[in-house]
Amino acid sequence: MSRQLVSFSDLRSAAYCPRKCYYQRTRDDYDREPPPEVAEIRALATRYEDLLDRSVDALEAEPIAVSPEAYRDRLSRTRDRLREAGHWDRLREPADRDVLCAGRHCRGIVHKVLDAPLAPAVVSPGSPPDQGVWEPQSVHAVAAAKALAWEYETPVDRTWIEYPAHGVIRRIDLTVRRKARYRRALRTVRELDGPPPRIDNRSKCEACEFAADCGVRTRTLRSLLGL
Ligand code: SF4
């Protein structure tokens, strides 16, 4: 019997909100292809040295999320910190890119494959939190590590998450807690057999593309109604 592998994107959305994951999996018209802007931002993660050499004017034309001055400053600090720890070149010139990996339970594209030691890097088009990484991205990164470890038959105990529009790169270790959250998301996806309850976190709903279908009153709608 073939293995039912869960996609990285389903795991990510299940960690964000199980109901959102349900909508993604059941809507025939849901487009899983990311918009072109996402590819443009992800491409920044392949050009760090080039971006560091760019003038402020040239950086203005790049899909960065902060001012060119702030971007250069942040990316320089990221480079210095990672170079000192011996990781900059591995992240800048990974052993492989955009590799489709199928693990024991999940599958998806690993944006960068680093070697010595083997580790995946997930390239996020979004913004980093003040510290650490967002939980859906942590789940995604653990899934990428598990798939990579399975595919290469080599243990993986850390992953990287890059936020190239912000010049930020963060390392995360596969702690017991992170792995438990990954397993919880996996269970959530596998057990979906109807729409799960709505979550209470309205700030997540504000950013959710299914808010209108879901019937959640977001701030935008409330303010339109003058409530
Ligand atoms: S609007 Fe909120 S409750 Fe509904 S699917 Fe989106 S995040 Fe989940």
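**Labels and their grounds**

Reply: Let us begin with Ser127, which touches Ala65, Tyr163 and His166 when residues up to four places away in sequence are not counted. The model is a predicted one.

Me: Where is Ser127 found, and why is Ser127 called exposed?

Reply: Ser127 is in the loop between strand 4 and helix 8. Ser127 has 12 other C-beta atoms within 10 Å, so Ser127 is exposed. From Ser127 to Arg107 there are 20 residues in sequence and 24 Å in space, C-alpha to C-alpha.

Me: What makes the phi of Asp98 worth a remark, and why does Asp98 count as exposed?

Reply: Asp98 is not a glycine, although its phi is positive, at about 45 degrees. Its place is in strand 2, residues 96–102. Exposed residues have 12 or fewer C-beta neighbours, and Asp98 has 12 inside 10 Å, so Asp98 counts as exposed.

Me: What is the phi of Glu153, and how do you know that Glu153 is exposed?

Reply: Phi of Glu153 is near 50 degrees, a positive value in a residue other than glycine. Glu153 lies in the loop between helix 8 and strand 5 (158–163).

Me: What makes the peptide bond between Ala116 and Pro117 a cis bond?

Reply: Its omega is about 0 degrees, and the bond joining Ala116 and Pro117 is cis. Pro117 sits in the loop between strand 3 and strand 4 (119–123).

Me: Why is helix 1 described as largely enclosed by the rest of the structure?

Reply: A residue is buried if 20 or more other C-beta atoms lie within 10 Å of its own. Eight of the nine residues of helix 1 (residues 8–16) are buried, and helix 1 is therefore largely enclosed by the rest of the structure. The buried residues are Phe8, Asp10, Leu11, Arg12, Ser13, Ala14, Ala15 and Tyr16. They pack against strand 1 (6–7), helix 2 (18–26), strand 3 (106–114), helix 8, helix 9 and helix 10 (202–206).

Me: How do helix 1 and helix 9 pack, and why is helix 1 called roughly perpendicular to helix 9?

Reply: The angle between helix 1 and helix 9 is about 100 degrees, and their axes are 9 Å apart. Roughly perpendicular covers 65 to 115 degrees, so helix 1 is roughly perpendicular to helix 9. In this contact, Asp10, Leu11, Ala14 and Ala15 of helix 1 meet Arg181, Ala185, Leu186, Thr188 and Val189 of helix 9. By class, the contact has six nonpolar, one polar and two charged residues.

Me: Which label do helix 8 and helix 9 receive, and why?

Reply: Helix 8 (residues 135–152) and helix 9 (residues 176–191) pack at about 90 degrees, with their axes 9 Å apart. The range for roughly perpendicular is 65 to 115 degrees, and helix 8 is therefore roughly perpendicular to helix 9. On the helix 8 side the contact holds Glu135, Ser138, Val139, Val142 and Ala143; on the helix 9 side it holds Arg178, Lys179, Arg181, Tyr182 and Ala185. Five of these residues are nonpolar, one is polar and four are charged.

Me: How do you know that the ligand lies between domain 1 and domain 2?

Reply: The domain assignment gives domain 1 (6–196) and domain 2 (201–227). Both give residues to the shell around the ligand, so the ligand lies between them. The shell has 13 residues, the closest being Cys17, Arg198, Cys205, Cys208 and Cys214. Helix 2 gives the most, with three residues, and by class the shell has nine nonpolar, no polar and four charged residues.

Me: How many residues does each domain give to the contact between them?

Reply: The centres of domain 1 and domain 2, taken over C-alpha atoms, are separated by 27 Å. The contact takes five residues from domain 1 and five residues from domain 2. On the domain 1 side, helix 2 supplies the largest share, three residues. That side has three nonpolar, no polar and two charged residues.

Notes. Residues numbered from 1 in each chain as written. Predicted model: local features only at pLDDT ≥ 70, side-chain atom pairs only at ≥ 80, totals over all residues. Axes fitted to C-alpha atoms, helices over the stretch in contact; angles between N-to-C directions. Helix = DSSP H or I, 4+ residues; strand = E, 2+ residues; numbered from the N terminus. Parallel < 35°, antiparallel > 145°, perpendicular 65-115°, else oblique. Contact = placed C-beta atoms within 7 Å. Nonpolar A, V, L, I, M, F, W, Y, C, P; charged D, E, K, R; others polar. Near = placed C-beta within 6 Å. Domains from an automatic or database assignment.
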